Every structure is written in structure tokens, then in C-alpha cells.
Amino acid sequence: MRTSTHKSRRRACMPKHFLMCRPDYFTVEYAINPWMHPEAGADRDVAVRQWEGLKAAYEELGHEVSLIDPIEGLPDMVFAANGALVVGGRVYGARFAYPQRGPEGPAYLRWFAERGYPVREPQHVNEGEGDFLTLDDVILAGTGFRTDVVAHQEAQEYLGRPVISLTLVDPRFYHLDTALFPLDGRNVAYYPEAFSAGSREVLRRMFPDAVLATAEDAEVLGLNAVSDGTNVVVNAEASTLQLELKRRGYEVIPVELSELRKAGGGPKCCTLEIRGEN
């Protein structure tokens, strides 16, 4: 299969603004999802190189990347998507389910507050864009493992966007962004078996033309991808998904994030989108 090169990449029609966190303190020292095996460890230097490749891919596409300083003792802070949800220039903060990640929520909220964004400290457990994915007219929201369904209501009240609740049932896909990603503002790709029967029916009705991923692609976190509507940045191992995306007319940008996957993360996990006023 041909992989995309720098020369073949198409610039984004509408450049996005992303927040990322360099994995200077990345390690796997605890297990809070099925991907994590502390006894196997992780190579920080490899993780940094792979993360830098992801950041460079975004910049080559014309996207803006801002950085938040990593904090020693928070090895999962690299997964910036979990730190908040930003819609219409307003920031709904994260409140993590596990104490190991607890300090990340205030750190991300502080970053935004210091830059003048209106912020809302959450009252309910939620893990930011890990479980909230924004389309043109609605926000899809995951529950079942990390985010309380009442946080969906809290986010809707603060952001003024309809929130559609979806239930995750497979612990390997513990966040919504491990099982689904928006292709653009009106369509998605997802792995049906990660969802409850009712949620699968909701997705089928809402997105009849969705890209349906195979188990093999889901199991390498192929759905933890980032699309700007033209280009899709996706884990390199998700080969069938890449072929289907190309068939649909998307430019595919494969990236290697195998080291960060040891903690259950991929391109989207590392990427928090900062959406301005709209």
C-alpha cells in the first residue's frame, strides 16, 4: 500500500488550532485501561520522536499547534484531548475518573484561563474530548467507562450545543475517541461493536453513510484519528481503514505512535482542538 508523503499532502481548507503536550515525562507506571502494562514499560525517547512526527504532520498541513508545558509526575498529560472540550471559544474542563490523572484537569483549565478563555470547572466526571466529539450541529458524547452521563447534560447547558449520548461497552475502547472520529462536520467513521445496541442504532440513523471500521483496524486504535475534512491523520497500522478513506476521497496521513499506544493513545488522544467563536 502506498503511504502518503510530504509532497502528496493537501493543505487543509480550514486550518485548525490544536493544543498538544510533549511527552517529556511519558511512562507506563500504572494500569487504568486494558492497553497499559507497567511491567512492559515504555521508551520515552521513542515516544517523543513519534509525537514530534505527529506535530510536524499537523504543521505541514497548515494547522496551528500550541503547547502546554508537561508536568513531572503526570505521564499521561501527553494525551491533551482528555484535558478539556473547547467549543465556540468556551472551555468546559475535565474531571478525571482516576486519581492518577486528577491534576491534569486543573492544569489544562489554567492554561486556557491564563489566555483569556472563559472556562467552566466541571462538577461531574468527564475526560474532555476523549468522550466529547464535536460536529457542525451536535456533540457526540461517550459514557460507560470514564465520563458520567450527567456530564453530557452539564456540557450541553454550558456550551449550548445538542449533546447525543452514546454508550461504550468494550473496555478496550474506553473513550469515545478510540471508537469513533468525525470525518467532517456531518459524517463519522466508527467501530459498531464498541457500542451498545441502542447506540449503534442511533449512529446508523444519524450517519447512514458512515465509514465502518473493521475489528483489526479498531484494535490498533485506527479510529483514534484526526480529520480536517480533507486530510486524515491516522495510525499507520490501520490499513483497511486507510484504503476506505482513500476510496472516499480523503488524503491519508499515516503516523507511527506505537509507543504511546502502550498507554492506550493515538493521534487524537494527543490532540485537543481549540475551536474559536462561531
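In the predicted model, Asp 45 and Arg 44 are joined by a salt bridge in which the closest N and O atoms lie 2.7 Å apart. Asp 45 is partly exposed, at 40% relative accessibility, and Arg 44 is likewise partly exposed, at 32%. Across the whole structure, 23 salt bridges were found.

A further salt bridge connects Glu 52 with Arg 22, at 3.1 Å from N to O. Glu 52 belongs to helix α1 and Arg 22 to the loop between β1 and α1, so this pair ties together parts 30 residues apart in sequence. Glu 52 has a relative accessible area of 36% and is partly exposed; Arg 22, at 31%, is also partly exposed.

Glu 219 forms a salt bridge with Arg 172, with 3.2 Å between the closest N and O atoms. Because Glu 219 lies in the loop between α5 and β12 and Arg 172 in the loop between β8 and β9, the pair ties together parts 47 residues apart in sequence.

Seven aromatic pairs are present in the structure. The ring centres of Phe 26 and Phe 79 are 6.5 Å apart and the planes stand at 85 degrees, so the pair is edge-to-face. Both residues, Phe 26 and Phe 79, are buried. Tyr 92 and Phe 132 also form an edge-to-face pair, with 6.0 Å centre to centre and 85 degrees between the planes. Tyr 92 lies in strand β4 and Phe 132 in strand β6, so parts 40 residues apart in sequence are tied together. Tyr 92 and Phe 132 are buried.

Key. Residues are numbered from 1 along each chain as its sequence is written. This is a predicted model: local features need pLDDT of at least 70, side-chain atom pairs count only at pLDDT 80 or more; totals for chains, interfaces and linings use all residues. Side-chain values use heavy atoms; hydrogens and water are left out. Rings of Phe, Tyr and Trp (its six-membered ring) pair if their centres lie within 6.5 Å; planes under 30 degrees apart count as stacked, over 60 as edge-to-face and the rest as tilted. Buried means under 20% relative accessible area, exposed over 50%, partly exposed in between (1.4 Å probe, protein chains only). Helices (H or I, at least four residues) and strands (E, at least two) are DSSP runs, numbered from the N terminus. A salt bridge is a side-chain nitrogen of Lys or Arg within 4 Å of a carboxyl oxygen of Asp or Glu.
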